[in-house]
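Subject: Structure handover

Hello,

Here is the structure I said I would pass on. Please open it first, then read the notes below with it on screen.

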Amino acid sequence: MPFAASILRQGAATVAPPLTGQTTAAPHKEPGKPVTGSYRLSGSNGTACLLASMGLQLNMTFSSVSQNKTVQDVVNLQPNVTRVSGSCGSDSAALLLTADAGKTNLSFHFTLNATSSKYHLSELTLSALWPDMKEAFSAGNSSLDYLRGTSGRSYKCNEEQTFYVTSNLSINTFQVQVQPFGLTGEQFGTAEECQLDEDDMLIPIIVGAALAGLVLIVLLAYLIGRKRSQAGYQTI
């Protein structure tokens, strides 16, 4: 059931006029971690054809009316008041999230390689028209390669990731799990963990192994020392 859409915006940070052709943002307070939203698309038979769960944060650079200069704004998308639409195909799928009464539209396009059964996020686009914008914001990139997974399985990453779309748009994702192809019910398929999560799992294992090795070395040193002491007593 569609909801009225809105977004949570935090204070924008003024960007100093570029001296070297690059935009540099002044220090500013960023919003907290976004709420994780659950999104679902259904096929013609009513069953789920795309499932996604993720927290989304938009990083945008645009011309501000009130400040009369370029500003950088960080926006958290609010899932409970965001409308979901899109489409599912045999080798492509699109998820469109609409907020702010239709004034903010974020779309994800996934592509499936039928030969390898591998999919990825190939395109991201964002359009927005907020009261403080001098003109409508529009940015997109159709040559991306994020969220790589296998059909019938879901891509999962609990760590924060940043998707760089254009020079004036990047998207931070939190606790992502998505499956745009090969769903067999209303649940995600077996998860394929991202490298960031795998690295996090390896750290405690490596630390534990190092500590175990250290304990073993100390124990061996103690036993060797004790044996030598006993040998000395026997000689006397």
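A residue counts as buried when its relative accessible area is under 20%, as exposed when over 50%, and as partly exposed in between. Cysteine 157 has a relative accessible area of 0%, so this residue is buried. Please keep in mind that the model is predicted.

Overall picture

The chain has 236 residues, and 35% of them count as buried. DSSP runs give 1 helix and 16 strands. The accessible surface of the chain is about 13,400 Å², and carbon and sulfur atoms account for 55% of that area. Among contacts with a separation of 6 or more, 57% are between residues 24 or more positions apart.

Disulfides

How many disulfides does a search of the whole structure find? The search gives 2. Counting bonded cysteines along the chain, their pattern is 1-2, 3-4.

One of them joins cysteine 49 to cysteine 88, with an S to S distance of 2.0 Å. This pair links distant parts of the chain: cysteine 49 sits in strand 5 and cysteine 88 in strand 7 (residues 83-88), 39 residues apart. The link is right-handed, with 70° about the S-S bond. Are the two cysteines buried or partly exposed? Cysteine 49 has a relative accessible area of 16%, so it is buried. Cysteine 88 has 34%, so it is partly exposed.

The other disulfide is formed by cysteine 157 and cysteine 194, whose sulfur atoms are 2.1 Å apart. This pair also links distant parts of the chain: cysteine 157 is in strand 13 (residues 154-157), while cysteine 194 is in the loop between strand 16 (191-193) and helix 1, 37 residues apart. With 60° about the S-S bond, this link is right-handed. Cysteine 194 is buried because its relative accessible area is 6%.

The nonpolar core

The largest nonpolar core holds 42 residues. Which of them touch the most other members? They are Met60, Leu95, Phe108, Phe110, Leu124 and Phe137. Strand 5 gives the most to this core, with 8 residues.

Leaving aside neighbours within four places in sequence, its contacts include Leu50, Ala93, Leu121, Leu147, Val178 and Phe181. Asp91, Ser92, His120, Ser122 and Pro180 are also in contact with phenylalanine 110.

Methionine 54

Methionine 54 lies in strand 5 (residues 48-64). Its relative accessibility is 3%, so methionine 54 counts as buried. Not counting residues up to four places away in sequence, methionine 54 touches Val35, Thr36, Gly37, Tyr39, Leu95, Phe108, Phe174, Gln175 and Val176. Leu95 and Phe108 were listed above among the core residues that touch the most other members. Methionine 54 and threonine 173 are 119 residues apart in sequence, yet their C-alpha atoms are 6.6 Å apart in space.

A patch on the surface

Leu216, Leu219, Leu220, Leu223 and Ile224 form a nonpolar patch on the surface. Together they have about 440 Å² of accessible area. Isoleucine 224 lies in helix 1 (residues 195-235). With a relative accessible area of 45%, isoleucine 224 is partly exposed.

Regards

Note on methods: Residues are numbered from 1 along each chain as its sequence is written. This is a predicted model: local features need pLDDT of at least 70, side-chain atom pairs count only at pLDDT 80 or more; totals for chains, interfaces and linings use all residues. Side-chain values use heavy atoms; hydrogens and water are left out. Patches are made of residues with over 30% relative accessible area and no salt bridge: like charges are joined within 9 Å, nonpolar side chains (Val, Leu, Ile, Met, Phe, Trp, Tyr) within 5 Å. Accessible areas come from the Shrake-Rupley method with a 1.4 Å probe; for residues, only the protein chains shown count as cover. A salt bridge is a side-chain nitrogen of Lys or Arg within 4 Å of a carboxyl oxygen of Asp or Glu. Helices (H or I, at least four residues) and strands (E, at least two) are DSSP runs, numbered from the N terminus. Buried means under 20% relative accessible area, exposed over 50%, partly exposed in between (1.4 Å probe, protein chains only). Contact means heavy atoms within 4.5 Å. A disulfide is a pair of cysteine sulfur atoms within 2.5 Å. A nonpolar core is a set of buried Ala, Val, Leu, Ile, Met, Phe, Trp, Tyr and Cys residues joined through side-chain atoms within 4.5 Å.
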